[in-house]
Amino acid sequence: MNTASTSGPVTLYHKNRGRIERLRGFSHLLPALILFSGLWDVLAGEETLTPLLVLEVAVGAAYVLLLLRELRQLRRHGVAHHEKIAWLELAAAGILALEGYHIWHRHHETGLRTGVHRLHVLPWLYGALAVWYGLMAFGLAQLHRRRFLHLHEAGFSGRLHPFRRQFAFRWDQVAHVEPVGATDAVVHTVAGEPHPLSFGQVHDGAAHRDRLLAHAARGIH
């Protein structure tokens, strides 16, 4: 009888995810500054409060609340925190798209009034950034899930880098698993082929490597 411990797939994170998340936070300064500039124009009396501006303010308020929520979740859950949809990125995409359209609409009205039509880069730049943030909103969770370790009754599988091939081994394929250094392992197959696995770039890599070794020790006959 196989007595190996089993669990569902465990999502693995890059060892520098804390730093990466801080950089991600800095990337949200741009939407925040755009939001502030739009509100400043209204408060300074340079623009009237139109339905479009009201929508921008509503999206901006949601953005600020989501930003505060994201910071609280990161403090509570640490690097293991991510959601199916990155709502903060989605709100940032909304701000950038609305502001880009607002600028385009303003220039378009000026062109109709003066008869002089010019190409303005800023609305297209905001549009491109909005698309980028939108892709991040729906793609970050999928990217996180591509790096995983799955210990199951029939063997083990995983991927230690989101853009590399997945590995999968059944117990009848594995002769033994050898530890190498503090974070690495080599899977030796019954066919005599070594397969190195490195957890060095994974958060808590040594602990995940040791879980794999313990699982293999119980599962290999």
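1. Residues 86–104 form a span that is 95% helix and 0% strand, with end C-alpha atoms 27 Å apart. This is a predicted model, and these values are computed from it. The unreviewed UniProt entry annotates both stretches as "transmembrane region", together with 25–43 and 49–66. That label comes from the record, and such annotations may be inferred rather than shown by experiment.

2. The next point is a patch on the surface. Leu23, Phe26, Leu29 and Leu33 make up a nonpolar patch there, and together they have about 450 Å² of accessible area. Two elements each give two or more residues to the patch, namely helix 1 (17–27) and helix 2 (29–43). Leu33 belongs to helix 2. Its relative accessible area is 57%, so Leu33 is exposed; the cut-off for that word is over 50%.

3. The largest nonpolar core has 19 residues, and those touching the most other members are Phe156, Phe167, Val174, Val177, Val187, Leu197 and Phe199. Strand 2 (148–152), strand 4 (167–170), strand 5 (174–180), strand 6 (184–189) and helix 6 each give two or more residues to this core. Helix 6 provides the largest share, 3 residues. Apart from this core lies another one, of 13 residues, which includes Ile34, Ile103, Ala130 and Tyr133.

4. Which residues does Phe167 touch, not counting residues up to four places away in sequence? They are Leu149, Phe156, Ser157, Gly158, Arg159, Leu160 and Leu197. Among these, Phe156 and Leu197 are also named with Phe167 as core residues that touch the most other members.

5. Val202 sits in the loop between strand 7 and helix 6. Is Val202 buried or exposed? Its relative accessibility is 3%, so Val202 counts as buried, the limit being under 20%. Leaving aside neighbours within four places in sequence, Val202 is in contact with Leu12, Tyr13, His14, Lys15, Arg147, Leu160 and His208. Val202 and Arg17 are 185 residues apart in sequence, yet 9.1 Å separates their C-alpha atoms in space.

6. Asp204 has its place in the loop between strand 7 (194–198) and helix 6 (205–219). The phi angle of Asp204 is near 55°, which is a positive value in a residue other than glycine. At 48% relative accessibility, Asp204 counts as partly exposed.

7. How many salt bridges does the structure hold? There are 2 salt bridges. In one of them, Arg170 pairs with Asp172, and the closest N and O atoms are 3.2 Å apart. Arg170 counts as partly exposed, at 45% relative accessibility, whereas Asp172 counts as exposed, at 53%.

8. The other pairing joins Arg209 to Asp210, with the closest N and O atoms 3.0 Å apart. Here Arg209 is buried, its relative accessible area being 6%. Asp210, at 40% relative accessibility, counts as partly exposed.

9. Thr11 is in strand 1 (residues 10–11), and its relative accessible area of 26% makes Thr11 partly exposed. Thr11 and Leu149 are 138 residues apart along the chain, and their C-alpha atoms are separated by 6.7 Å. Arg145 is found in helix 5 (residues 121–145) and, at 42% relative accessibility, counts as partly exposed. From Arg145 to Pro9 there are 136 residues in sequence and 9.1 Å in space, C-alpha to C-alpha.

Conventions. Residues numbered from 1 in each chain as written. Predicted model: local features only at pLDDT ≥ 70, side-chain atom pairs only at ≥ 80, totals over all residues. Heavy atoms only, no water. Salt bridge = Lys/Arg side-chain N within 4 Å of Asp/Glu carboxyl O. Buried < 20%, exposed > 50% of the residue type's maximum accessible area, 1.4 Å probe, protein only. Patch = residues over 30% accessible without salt bridge, like charges linked within 9 Å, V, L, I, M, F, W, Y side chains within 5 Å. Areas by Shrake-Rupley, 256 points an atom, 1.4 Å probe, with all protein chains shown as cover. Helix = DSSP H or I, 4+ residues; strand = E, 2+ residues; numbered from the N terminus. Core = buried A, V, L, I, M, F, W, Y, C linked by side-chain atoms within 4.5 Å. Contact = heavy atoms within 4.5 Å.
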